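My entries follow in the order in which I checked them.

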Amino acid sequence: MPDTSALQSASCEDWPGIIRAYADLLPVTDQTPIVTLREGDTPLIGSEHIGPSLPGNIRLFFKFEGVNPTGSFKDRGMTMAVSKAKERGVGITMCASTGNTSAAAAAYSARAGMECIVLIPQGKIAFGKLSQALIHGARTVQVDGNFDDCLRIVREITDSYPIELVNSLNPMRMEGQKTAAFEVCDQLGHPPDIHILPVGNAGNITAYWWGYLQYREVGRIDRLPKMIGFQAAGAAPLVHGEPVRQPETIATAIRIGDPARWDDAMSAMTDSGGLVDMVTDEQILEAYQLLAAREGVFAEPASATSVAGLLKLAANGYFDDRPVTVVCTLTGHGLKDPDTAVNMLQKPDIIPARTEALVELLGL
Ligand SMILES: *Cc1c(COP(=O)(O)O)cnc(C)c1O
């Protein structure tokens, strides 16, 4: 018999997922059935290129949420939302989604033995995300409308039927997503000075802020970061101060015209001394490519919005010479949306199957 004790003890000491890791700070009890895929504990990656190339004195880190089990930060919220729904005996979950919420809802519902219904805007979600909803067995319905239409329908249905809404209107989603702020403080040993996030439905930036506030309240940190949100220029209701009726952007995960967490997110940014601003799709794609080509980190276009925002702030003289620690959350994995990468880049060369052909092509 091979000795597997080392393996067994390694798996026992594994990261237990965000609920068990932060149970003292979350609304769970011994009675809560924990539905987990061991989400969280994502890396805080120091920038080797982008940070050092900026003016000022910036220590830049990327909180890479793309390595969560379904490839985005939505898993943090979903482990809480699904666990609490299961605790109350609910059998069906439902969400509107630009893609990642449906992927996470489908996976965690499958894990919990619950049914899942997802509403997505027709033709407007990345292919990888659609594949996730389908393979995890969610009843997936495309709506001839945008995300905001999907969310309106989901709210009406979940108001009238015993079905759990698992969009970020669900307070348990926010509870779970707060844990990313806890992790950033634990990883740095202190809070960052500035935290930059992409903003779509505005749940995540709100959750981070609540996380930082709670961590200060329990004495694990003694100050708070400035919260800075960036929207895509074609879907920037918080910047314009009014809903956008036909939101458009390459960053489909934040293609939202009427964010559900509008007021909460604005409070987070204002109360922390931060700001909300927007970047164009060109700026998003530039940051997207820069991250992958110069840092080795492949995040989806919406995620690159935080880095595009940082570049814009730096170019506009936002930073002086004082040392600052900046964290950009990279919300989802680039493999979610391979089409965007392949379509923006030159196709690979084709050669005959002869070594000399390669030598010639490479000019060796
Ligand atoms: C959901 C999502 C966002 C936006 O988060 P909100 O909480 O809706 O503001 C950004 N990026 C990715 C990859 C997402 O999945």
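Before the first entry I noted the cut-off that I would need: a residue is called buried when its relative accessible area is under 20%. I also noted that this is a predicted model.

Entry on cysteines. I searched the whole structure for disulfides and found zero. I then looked at cysteine 150, which is in no disulfide, and saw that the nearest cysteine sulfur, belonging to cysteine 95, is 9.6 Å away. Because the relative accessible area of cysteine 150 is 0%, I wrote this residue down as buried. Cysteine 328 is likewise in no disulfide, and here the nearest cysteine sulfur is that of cysteine 185, at 16 Å. I recorded cysteine 328 as buried too, because its relative accessibility is 0%.

Entry on the sheet. I reminded myself that the strands of a sheet pair through backbone hydrogen bonds, in either a parallel or an antiparallel way. Which order do the six strands of the open sheet follow? I traced β1-β2-β10-β7-β8-β9, with mixed pairing. At the edges I found β1 (44-46) and β9 (275-279), each of which pairs on one side only. From one strand to the next, I noted that the twist averages 25 degrees.

I followed β7 (residues 194-198) alongside β8 (residues 226-232) and found that the two pair in the parallel sense over five bridges. For isoleucine 196, I found that the bridge partner in β8 is isoleucine 228. Finally I looked at helix α14 (residues 301-315), which lies across β2, β7, β8, β9 and β10, and noted that the helix runs at about 155 degrees to β10 (323-330).

Key. Residues numbered from 1 in each chain as written. Predicted model: local features only at pLDDT ≥ 70, side-chain atom pairs only at ≥ 80, totals over all residues. Heavy atoms only, no water. Disulfide = S-S within 2.5 Å. Buried < 20%, exposed > 50% of the residue type's maximum accessible area, 1.4 Å probe, protein only. Pairing = 2+ DSSP bridges. Helix = DSSP H or I, 4+ residues; strand = E, 2+ residues; numbered from the N terminus. Axes fitted to C-alpha atoms, helices over the stretch in contact; angles between N-to-C directions. Contact = heavy atoms within 4.5 Å.
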